[in-house]
Amino acid sequence: MKTSVLIPTAGDIATVREHAALADELGYDSINCSHIAARDSFTTLAGLAHLAPSVTLATAVAPIYHRSAASMAQTAATVDDLSGGRFRLGLGTGHRVTMGGWHGQDIGNPISEMREYVALVRALLAGAEPPAGLRWNSSFGFNGFKPRADIPVYLAGLSPAMLRLAGEIAEGVVLWACPASYVREVVTREIAVGRARVGRDLDGFDICAAVPSAALTDPAVARHGIRTELHRYFSLPFYRAMFAEAGYEADIAAYDAAADVTAQRTAISDAFIDDLCAIGTPQEVAAGVARYRAAGATNPMITNVPGTDLRLALRAAVAG
């Protein structure tokens, strides 16, 4: 059974390195870095490659609007080469507020633009004729360096449409803040639809679901930490739609009615947190990870809960 970890790119770099080395030692399948307003995910992964010589190195995820397709292909190929062919490219669309505010880019139609972008990146990696697109085009070609043509591509999926696209064109999907119930009731169904479009079933397709995890004696610490992290997601349209589809309309309504940030955090119910997280004793963490596997996640991805020790969660998730 595969288990992965998302290592925060914020904080002290010595801690980042320690987490990577520990995950490698414990036999984790992959080390993932998200592309947030901290260290660059690709550069961080390249720097961790020698400290974690056995695991896959992956972005979870890099938004397609912050790099051209040519730059994405070149960066992915470089990290893959530096790590001895251990890189996986996780791609997402990001959010309109961040893509516009951070990068000056507009998200048009995320489904068609993702399809077009992935086709172009793959063509550039393979040295094939770049397909002409409506949003993305490139005449780039590698010169004096031959990249691995089949670098795996995973897509970040929230909406049914993006999950279907992932099933159709990618090797896997990365899920963030998706409760286990949503994985069971929506994710596997929609990915299966996409796989059927190309004559395939779910066999071999990787469902990498983030599982916020904390092994500690006082769950209240972790609940406070996860509410602090989650509250901003309740303001983002893509996540709000997914939370509603997962059956948490009441949480959204309570969040919208909240008078301040403290009340917004309190609006996130214990039921939602219990559905999403693996918190408690080491045995309870392991049970939470198992709950995601039972829901259809083939590769649960342990993520840190603010204010808790990721090292303890890493050990608990794969104990026994």
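**Exercise 1. Work out which helix gives the largest share of the lining of the second largest pocket.**

Solution. Start with the answer: helix H13 (residues 282-295) supplies four residues, the largest share. Helices here are DSSP runs of H or I with at least four residues, and strands are runs of E with at least two, both numbered from the N terminus. This is a predicted model, where local features need pLDDT of at least 70 and side-chain atom pairs count only at pLDDT 80 or more, while totals for chains, interfaces and linings use all residues. Residues are numbered from 1 along each chain as its sequence is written, and side-chain values use heavy atoms, with hydrogens and water left out.

Next, the whole lining: 14 residues, with Met1, Thr3, Arg293, Ala317 and Val318 lying nearest the centre of the pocket. On a 1 Å grid over the protein atoms alone, a pocket is an open set of points with protein on both sides within 12 Å along at least five of seven lines; a cavity is a set where a 1.4 Å probe fits but cannot get out; lining residues have an atom within 4 Å of a point.

Then sort by class: eight nonpolar, three polar and three charged residues. Ala, Val, Leu, Ile, Met, Phe, Trp, Tyr, Cys and Pro count as nonpolar, Asp, Glu, Lys and Arg as charged, and the others, Gly among them, as polar.

Last, the volume of this pocket is about 190 Å³, taken as the space filled by probe spheres set on grid points that are joined across faces, edges and corners.

**Exercise 2. Explain why strand S8 (residues 206-215) is largely enclosed by the rest of the structure.**

Solution. Count first: 10 of the 10 residues of S8 are buried, so the strand is largely enclosed. Buried means under 20% relative accessible area, exposed over 50%, and partly exposed in between (1.4 Å probe, protein chains only).

- S7 (residues 172-175) runs parallel to S8 over four bridges, with Val173 opposite Ile207.
- S10 (residues 301-304) is also parallel to S8, joined by four bridges, and Met301 sits opposite Ala210.
- S9 (residues 278-280) pairs with S8 in the parallel sense over three bridges; Ala278 is the bridge partner of Ser213.

**Exercise 3. Find which residues line the largest cavity, and which helix gives the most.**

Solution. Begin with the list: Trp176, Ala177, Ala210, Pro212, Ile226, Glu229, Leu230, Tyr233 and Leu276. Helix H8 (219-230) and S8 each supply at least two of the lining residues, and H8 gives the most, with three. By class, that's eight nonpolar, no polar and one charged. The volume comes to about 40 Å³.

How values were computed. Two strands pair if DSSP finds at least two bridges between them.
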